[in-house]
Amino acid sequence: MTFDSLHFKAPKMVVEPPGPKAKRIIKMQAETEGNAIYYPKVLPFVPQTGFGATIKDVDGNTYIDFSAGVSVLNFGHSNPHVLKSAMDQMRRLTHTLDFPTVARTDLVKRLEGIAPGSLRNNCKVVFGGPSGSDAIEASFKLAKFATKRHSVIAFSGAYHGQTTGALAATAEKKYREHYSPLGPEVHFAPYPNLYRNPFDSDNPRELGRLCAGYLEDMIENPDSGVMPPAAVIIEPIQGEGGINVPPEGFVKEVEKIAKRNGIVFIADEIQSGFGRTGKWFASEHSGASPDIITMAKSLGGVGLPIAGIMYKKELDVWTPAAHVGTFRGNVVAMAGGAAAIDFAKKFRLLDHVNRVGGRALKFLVGLKSESKYIGDVRGKGLFIGVEFVKDRDTKEPWKQICDSIQLACFKRGVIIWRGGGYGNVIRLLPPLTITEDLLTEGLGIFAEEVKNAEKRMGP
Ligand SMILES: Cc1ncc(COP(=O)(O)O)c(C=O)c1O
């Protein structure tokens, strides 16, 4: 399956964005919605119809989508195979709290079948509130319930969400300021970010060892000041932090340290899960078997809100109603999620992700060799980061060039988003169904706009 029939023809620009309709709607939104609105302040985009890896705006422009709603639309916008199941379910029944339904048991069965490591066909699932942050809160609650401890260890560069508990484990200061103290005791260990780390190491083995050693010391040294935590939470590949891929074996090492200290090991797969990295879950790259996996974003198949956790059977210590929430029974999203997993298996989506993702990474590594300002290119599958710096020796982050490239790509019909604590990483995470032709076309435009921005902004 090449997924050719699942997209509009793109890019096709009929008017420079924002066109007249887009301008009117953006103005209306600014007048009526609160100031926390963010995305349209970066890109003046008013989407109207999505299909596969493409989106039309209200003025008739068609874009290639390299953002996939930040990994919510892994299976493509309006994927007809997935939509059919969700629509059939929607006509019958939409909400059921946690009463059992066929849609629910179908999804749980499929999740068990794709769970990583020793969780496969040997785990429990709990759905909660519909956002990723809700899943993070659930994972912390379960870890606290099981261990009778209260603190958590997270990592530098981590993003786990915006509710109070999840925000407490999120590293980026811009999200935390104004809200401290955030409640639960959270300590941060260094994430082995090969491009930027406090040890100044670019040797993966050495960096993995140093970061694991740091974590070990926090937990095992009686003088570290860190009380035994309930949980260690890690993104097996960091998303918002700038697509940071840890050295091989690091996640497994974290698992070992957690296990021997009776700590619950949580892998946050909210952004990296559901095929994004070429495996069902990014933890699989290191052979880890997390105690808990957090899931949201693409879990609902076509962008329908649902979140949950998968965890080892031994951890099923919750008593009835120990964790509840009204929207834990979105059966439409459950039908969508089950159909999406079937779609991916039937059409060998993960093989496709590995094939086209590998080519994209190679192309971008080539682009780096022609560029003065790309400091690093990294990723797995279709989870790719391109980090921009003013100077490759000092690695001074260059956010402004990212802003300029992002806007220029948008005007030519390619939607890209950024990440990284300094806002200087272009994140490429298209729907996984993107065709090789669309990917090549979008990357070509991106490469041209990198070169144009370098000429425009370079010394
Ligand atoms: C790794 C990770 N965890 C948690 C979250 C929070 O999810 P939500 O925004 O749905 O609350 C996100 C959101 O981007 C994420 O990337």
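This is a predicted model: local features need pLDDT of at least 70, side-chain atom pairs count only at pLDDT 80 or more; totals for chains, interfaces and linings use all residues.

Reader: Which stretches of the chain are called domain 1 and domain 2?

Author: The domain assignment gives domain 1 as 4-73 + 348-457 and domain 2 as 80-346. Their centres, taken over C-alpha atoms, are separated by 26 Å. The contact takes 29 residues from domain 1 and 23 residues from domain 2. On the side of domain 1 that touches domain 2, two or more residues each come from helix H3 (68-71), helix H12 (349-370), strand S11 (374-380), strand S12 (383-388) and strand S15 (425-428). By class, that side of domain 1 has 12 nonpolar, 11 polar and six charged residues.

Reader: Which residues make the contact of H5 with H11, and how do they divide by class?

Author: From H5 come Ala 103, Arg 104, Asp 106, Leu 107, Arg 110 and Ile 114. H11 supplies Val 331, Met 334, Ala 335, Gly 337, Ala 338 and Ile 341. By class, the contact has eight nonpolar, one polar and three charged residues. Gly counts as polar, and Gly 337 of H11 is among the contact residues.

Reader: Why are H4 and H11 called roughly antiparallel?

Author: The angle between helix H4 (residues 80-92) and H11 is about 155°. Angles over 145 degrees count as roughly antiparallel, and H4 and H11 are therefore given that description. Their axes lie 8 Å apart, and the crossing of H4 and H11 is right-handed.

Reader: What residues meet in the contact of H4 with H11?

Author: H4 contributes His 81, Val 82, Ser 85, Ala 86, Gln 89 and Met 90. H11 contributes Val 331, Val 332, Ala 335, Gly 336, Ala 338, Ala 339, Ala 340 and Phe 343. The class count for this contact is 10 nonpolar, four polar and no charged residues.

Reader: What makes H12 roughly parallel to H14?

Author: The axes of H12 and helix H14 (residues 436-457) cross at roughly 15° and come within 11 Å. The limit for roughly parallel is an angle under 35 degrees; that makes H12 roughly parallel to H14. H12 passes H14 in a right-handed crossing. Val 356, Ala 360, Phe 363 and Leu 367 in H12 meet Glu 436, Leu 439, Leu 443, Ala 447 and Val 450 in H14. By class, this contact has eight nonpolar, no polar and one charged residues. Glu counts as charged, and Glu 436 belongs to the H14 side of the contact.

Reader: Which residues come nearest to the ligand, and where does the largest share of the shell come from?

Author: There are 16 residues around the ligand, of which Ser 131, Gly 132, Ser 133, Gly 161 and Gln 271 come nearest. Helix H6 (residues 132-147) gives the largest share of the shell, three residues. By class, the shell has five nonpolar, eight polar and three charged residues.

Reader: How do you know that the peptide bonds from Ala 10 to Pro 11 and from Pro 17 to Pro 18 are cis?

Author: Omega is near 0° for the bond from Ala 10 to Pro 11, and omega is likewise near 0° for the bond from Pro 17 to Pro 18. Pro 11 lies in the segment before helix H1 (20-32), and Pro 18 is also found in the segment before H1.

Reader: What is the phi value of Lys 148, and where does Lys 148 lie?

Author: Phi of Lys 148 is near 60°, a positive value in a residue other than glycine. Lys 148 lies in the loop between H6 and strand S5 (152-155).

Technical notes
Residues are numbered from 1 along each chain as its sequence is written. A residue is near a molecule or strand if its C-beta atom, placed from the backbone, lies within 6 Å of it. Helices (H or I, at least four residues) and strands (E, at least two) are DSSP runs, numbered from the N terminus. Domain bounds come from an automatic or database domain assignment. Two residues are in contact if their C-beta atoms, placed from the backbone, lie within 7 Å. Axes are lines fitted to C-alpha atoms, for helices over the stretch in contact, and angles run from 0 to 180 degrees between N-to-C directions. Angles under 35 degrees count as roughly parallel, over 145 as roughly antiparallel, 65 to 115 as roughly perpendicular and the rest as oblique. A crossing is left-handed if the near helix is turned anticlockwise from the far one by less than a right angle, and right-handed if clockwise.
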